[in-house]
Amino acid sequence: MSAESKAVEVTGLTKKFGEFTAVDNVSFEVPDGEIFGYLGPNGAGKTTLIRMLTTLVIPTSGRAKIAGFDVETNSADVRRQIGVISQAMTSDLDLTGYENLDIYGRFYGVPARERKERIKYLLDMVGLSSRAGELVAAYSGGMRRRLEVARSLVHKPKILFLDEPSSGLDPQSRRVMWELLRQIREESSTTMFLTTHYMEEADALCNRIAIIDAGKMIVLGSPTQLKKEIPGSDIVSITVDGLSEGLVSFVKALPFVRNLLVEDETLRVSVDSGATSLPALMDAIRSSGGRIVSASIHEQSLEDVFIHFTGKSIREGEAKKVSLFIGAGVPQR
Amino acid sequence: MKKMNAFSETLLRLSAVIDRDIRKFIRNPIVIGMSFLMPIIYLVIMGNSFQGKLQSLPLIVINHDSGRQARDLFDNLRAIEAGPATITIFQAEDEQAAVADVRNGKYKAALIIPSDFSKRVVLKSRPEVGLFLDNTDAISSGTITGVVNGAVAAIHSGHVAIREASDQIHVRDADLYRFVDYFQSLVPGVVVMAIFLGTLTTGVFNVVMDRFLGIEESYLLTPLTKANIVGGLILSGLAITTSVSILVLAVGMLMTGIPFPTNIGSLASLLVVIILTTLCLQSLMFVLLGRANHPRLVGVLSGFMNVILFFPSGAVYPTASLPSWLKSFAMVNPEAYAVDALKALLFKNAGLTTVLADIGFLMVFMVVMMMAAIMLFKRTL
């Protein structure tokens, strides 16, 4: 990989908030034109990482370069190269869709004629041309998100950062968003760096995925590579009253069991087909004296992938720090 | 993307920050209306609350003496009631009930003239009257004590009115400027208050709201510099606040009958003072609130700042009469210079040269505060 072809270069990047380490010694590279997914549970440090890469948060240690510019020493140059879709909706409600794009274009110094053409093109692309004159306050969540996608592209950025772009959207709007991102990728070969906690989203969009937990990067690879490392496709969860070590060993030895994890009295069994494996599993447990309390099947989710790589469940994010001086007003990180 | 030169790009960015802010503001007509109406209501309320000199303080008189001197004293009080109307007199027989009424707030004071008052005056044998005061209201009780002392002292001369005696030195007033009544004298202060109120709904307030709503992130991600953001918001605040305060000034002048200056110099100076005052207060609030992240902080701090800047500004009480420590504060209070300049321009028909010192201070204050505001503004989250 030549130096010119790296859109993002991160070396030993760390961010601490007091005693809490939000991003812990992370290193990776994203080549030009790639769609890179940063996948992890809430509170894993995804937003902090993206904020460091987009110059909003100053790293505690380590380095990050965006399009060859250092985020600390060349932050102004970095900001010219990037477009960002933040996790929260950040468009102005008191402005119309068109005004939001126009003012943003002026922030980037896009000349008037070019701006006008670009806004028309982008509004068409996100399907908001007919609503462009309305105040954003009248938009649905999905429309507002699409407007923010258009806004992030008004200055033709080289790299697009998306912090949980489909968070808070209904399934239909989420698919519209994915289509939109694919279209952008095809038309402009823009590099995209997206964070998500949806395995499905990362799978649908990304060339490569980094799985993270508690600020640390656990594994990096293409969706196909990562999936290959997760045995089975379904998870059967069976809660057994008075689960014994003998019973666990017995289940683990069954030929169709690809992997087994135990949480309290629940067995989480990876299998290729949940529908056929469940009755066989229940028979086997009963035959060896186990009393089944409950049983369920689900397709492998991010949680299962996560469990596979980290050996534990996805936890809720750490409690956010709230100012002692201003109460529950604004979380400090 | 075509390249623009750095200057054109800066202008484009600044214009976008200003445009965004003004568009958002004008879509909030209630705030626009309140920004104009509130200072006018202040003018009406303040004008009628203080009334310059105190009037109609209720005084109950219990007169047990039918002698001439007691009658004189009572007549003297009646003369004050009929003239400057500082007091309103009530009469009663029952001393205890009258004192109780002072305690329960019905009257501000009870004056008791004992039965031997006239006799003692004639005999020059320590004549006394009793004055029971509601001393929890220091201003009223001080004024009533003065009125009663005046009425008592006037018994000997037989009149309340000052009689010119040939052997006494008298001071004759000679007004240097046209008569300025109390209502009119409040107008400069009300204009300055309109400017201050403007800083609470524009400028830094929008940064705090954007931060609170999480919108700030969207423009921190762009190439806007600190100076673009702070300068742009101060300028949009200037446009809005100046328009509102000029309207408040015009309406205030019409309401109180202040004649409009006819020469261009005075009008231009008025505009310069209003613009500089706005820039000073906008920048000052940016320094104080540039890093605040909750609108509640704006509420708390602005109420405090309004009082500490307004009252020692000379708007309602001359700064010369302030205690020395407060006078020192007034020396660095931009509102004091603004009020001083506006008073000179409105009431003394002064030109630019008279208010140059005020303008000079406001310019220095503005530059220092604006630089501090830009330096202190945080470009990261």
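The following dialogue explains how to read several features of a predicted model.

Biologist: Which conventions apply to the numbering and to the confidence of the model?

Modeller: Residues are numbered from 1 along each chain as its sequence is written, while chains are lettered from A and ligands numbered from 1 in the order in which they are written. The model is predicted, and local features need pLDDT of at least 70, side-chain atom pairs count only at pLDDT 80 or more, and totals for chains, interfaces and linings use all residues.

Biologist: How many helices and strands are there in chain A?

Modeller: Chain A has eleven helices and 14 strands; these are DSSP runs numbered from the N terminus, helices being H or I of at least four residues and strands E of at least two. Of its 333 residues, 44% count as buried, a residue being buried if 20 or more other C-beta atoms, placed from the backbone, lie within 10 Å of its own.

Biologist: How are two packed helices described?

Modeller: Two packed helices are described by the angle between their axes and the distance between the axes. In chain A, the axes of helix α3 (residues 97–107) and helix α4 (residues 112–125) come within 10 Å and cross at roughly 135°. Axes are lines fitted to C-alpha atoms, for helices over the stretch in contact, and angles run from 0 to 180 degrees between N-to-C directions. That angle makes α3(A) oblique to α4(A); angles under 35 degrees count as roughly parallel, over 145 as roughly antiparallel, 65 to 115 as roughly perpendicular and the rest as oblique.

Biologist: Which residues of α3(A) and α4(A) make the contact?

Modeller: From α3(A) come A:Y98, A:L101, A:D102 and A:G105, and from α4(A) come A:R115, A:R118, A:I119 and A:L122. Two residues are in contact if their C-beta atoms, placed from the backbone, lie within 7 Å.

Biologist: Is strand β14 of chain A buried or in the open?

Modeller: Strand β14 (residues 291–299) of chain A lies largely in the open, because the number buried among its nine residues is zero. Strand β11 (residues 234–241) of chain A pairs with β14(A) in the antiparallel sense over eight bridges, and A:I235 stands opposite A:H298 in β14(A). Two strands pair if DSSP finds at least two bridges between them.

Terms used
Buried ≥ 20, exposed ≤ 12 C-beta atoms within 10 Å, placed from the backbone.
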